[in-house]
Amino acid sequence: MKQLVDSHCHINFIAYKNDADEVIKNFLHENYALMIVGSQESTSEKAIEYADKYERGVYVSVGLHPIDLVDEAEDTVVMDGVPYTFKNRQEDFNQDRYRKLAQFSDKVKAIGEVGLDYFYFDKFSPEKIPEFKAKQKEALLGFMELAEELNLPIIFHARGEKTDPFGVYDEMFQIIKSVLDNGRKVRGVVHCFGGNLGQAEKFLELGLYIGFTGIITFKKKSEELQGIAKALPLDKILIETDSPFLSPEPYRGKKCLPQYVRFVAEKIAELKGISLEDVAETTTNNAKNLFSI
Ligand SMILES: [Zn+2]
């Protein structure tokens, strides 16, 4: 069996406080590499701390999740019957500090996750929304500038308002396109893709990859996403778990583990009518090429 890459996981999060090293070792026993993704300065630092313990196979993306720019996110997720409370302090974007983080270790292979997230905007008063959107856009542009300076790819995150899941992808497309139209360089992946097929194809035209998580294995409400995974060329697809979230079938509701990326690969093989080996080989090569790992 060919080895897989989990191109996006959060072993740096509190859900793995007690078993991070075991989880990483179990994954690397059978697979090629995983990318631990930061969501703030603190979790980016933690990701570097873990990656630096391993000679190979554990890499890092440093970034500031757009929701943490605007909100004191507090969320309790129950996994395996254990409640994990995530309390994130609101953080303002500081390009100098992220430059230092990115240069701190040669295991840092990407900038992210960064982007636009409007999912919780319904809890704010409407007059705050334009200010918050502007703040996310400004940070995204600042991270894109930093990524170009450091010649790193970007892990893009986008999540729309509950009443408009797709509009945010158009907005992110316009931001990236305008940067490219200015003659600047952008490469990366739109992780945990949740737009429509037309939007996915437009990101491919910009040279970006599209990332799929365990959501494509879900039995309900994932038909459109499965159709997108089926339609897109395999050489533009990355696979990921977004652990500890989004555990695929047959582990829905449990704490997600990076090795469950295999279920994402299996689903893509099934949808495309090709072998798991082909999915493994091509998606692993895609990750190697994008992240230089
Ligand atoms: Zn993530």
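Cys-192 sits in the loop between strand E8 (188-190) and helix H7 (197-205); helices here are DSSP runs of H or I with at least four residues, strands are runs of E with at least two, and both are numbered from the N terminus. The model is a predicted one, so to speak of a local feature takes a pLDDT of at least 70, while side-chain atom pairs count only at pLDDT 80 or more, and totals for chains, interfaces and linings use all residues. Residue numbers start from 1 along each chain as its sequence is written.

Most residues other than glycine have a negative phi, and most peptide bonds are trans. Cys-192 goes its own way with a positive phi of about 45°, although it is not a glycine. Cys-192 is also buried, having 24 other C-beta atoms within 10 Å; buried stands for 20 or more other C-beta atoms within 10 Å of a residue's own, exposed for 12 or fewer, and partly exposed for anything in between, with C-beta atoms placed from the backbone.

Asn-151, not a glycine either, has a positive phi of about 55°. Its spot is the loop between helix H5 (129-150) and strand E7 (154-159). Asn-151 is exposed, with 9 other C-beta atoms within 10 Å.

Then there are the cis peptide bonds. One runs from Ser-243 to Pro-244, with omega near 10°, and Pro-244 falls in the loop between strand E10 (237-239) and helix H9 (261-272). Another cis bond links Glu-249 to Pro-250, with omega near 5°. Pro-250, too, is found in the loop between E10 and H9.
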